[in-house]
Amino acid sequence: MKEMKPAHKSHTDTLPDNLRYVAIEGVIGVGKSQLASLLAERFDLRLVLEDFEENPFLSRFYRNPSRWAFQTQIAFLASRYRQLSTLRTMDLFHKGAITDYSFDKDRIFAHMYLSGEEVDIYDKLYMQMEMSTPQPDLVIYIQSSLECSLERIRERNIPYERGINRDLLERLREAYIDYFFRYTKSPLLNVNVEQMDFKERPEDLDELARIIVETEHYGIMYYNPSKPALFK
């Protein structure tokens, strides 16, 4: 692997001008929303969190995925499109925006659960919406162990997440790994957060902020806090 050389910058509380839209990605329970919230506060970014509560089919989907997958996915597609479309308007009160998901996430889930005519209909809608949806300037793909994600899901005890088990999370994790292995739409920063606690250890957030600000982002990059270098 080729070691990436960070650009020389000094202030890690200000994003460079070319990072106007950052998306946090990862499987359920990995800590996307928490990290997005902390980075939004640090960098003075507009925070856009996925609105799961507005999807009327979600709880039914977890009880019976084959019956409710199509309705659930179409509802999410419309919601995510509506939210991300607002990013095209300049926000005078913030320096940029950060989300706890990317539009591409929708298709990962859809292709796990839909097939036949349903997936054909979904793909046609997705491709039409994607053309007018802004692409992130940087995607931060955070990864951890299944055990950590399951523990986080259990601790927050959200009713519609009680149907998530290890098998489902494992399948989802594999789908994410496969998708982002060949991702090319935006610069992608893979971060192993297994040993990081952004809320309780401010130094962990400081280090990630430094990586985000001081690195010339391009292609697919990897950062593991147990190692000092960032690699491409």
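1. How much space lies in the largest cavity? The model is a predicted one, and in it the largest cavity holds about 60 Å³ of space. The count of cavities of 30 Å³ or more comes to four.

2. The lining of the largest cavity consists of Gly-26, Val-27, Tyr-141, Ile-142, Gln-143, Ser-144, Ser-145, Leu-146 and Arg-173. By class, four of these residues are nonpolar, four are polar and one is charged. Strand β4 (residues 138-143) gives the most to this lining, with three residues.

3. Helix α4 (residues 104-113) is largely enclosed by the rest of the structure, because seven of its 10 residues are buried. The buried residues are Asp-104, Lys-105, Asp-106, Ile-108, Phe-109, Ala-110 and Met-112. Among the elements that cover them are β1 (21-25), α1 (32-43), α3 (65-85), α5 (116-130) and α7 (166-181).

4. The structure contains 13 aromatic pairs. In one of them, the ring centres of Tyr-179 and Phe-180 are 5.3 Å apart and the planes stand at 90°, so the pair is edge-to-face. Tyr-179 is partly exposed, at a relative accessible area of 23%, whereas Phe-180 counts as buried, at 3%.

5. Both rings also belong to a cluster in which ring pairs link Phe-109, Tyr-141, Tyr-176, Tyr-179, Phe-180 and Tyr-183. Of these, Phe-109 is also a buried residue of α4, and Tyr-141 also lines the largest cavity.

6. Trp-68 deserves a separate remark on charges over its ring. The charged end of Arg-67 sits 4.0 Å from the ring centre, and Arg-60 lies over the ring face at 4.6 Å from the centre.

Notes. Residues numbered from 1 in each chain as written. Predicted model: local features only at pLDDT ≥ 70, side-chain atom pairs only at ≥ 80, totals over all residues. Heavy atoms only, no water. 1 Å grid on protein atoms, 1.4 Å probe; cavity = no way out; pocket = protein on both sides within 12 Å on 5 of 7 lines; lining within 4 Å. Points joined across faces, edges and corners; volume = space filled by probe spheres on them. Helix = DSSP H or I, 4+ residues; strand = E, 2+ residues; numbered from the N terminus. Nonpolar A, V, L, I, M, F, W, Y, C, P; charged D, E, K, R; others polar. Buried < 20%, exposed > 50% of the residue type's maximum accessible area, 1.4 Å probe, protein only. Contact = heavy atoms within 4.5 Å. Phe/Tyr/Trp six-rings, centres within 6.5 Å; stacked < 30°, edge-to-face > 60°. Lys NZ or Arg CZ within 6 Å of the ring centre and 35° of its normal.
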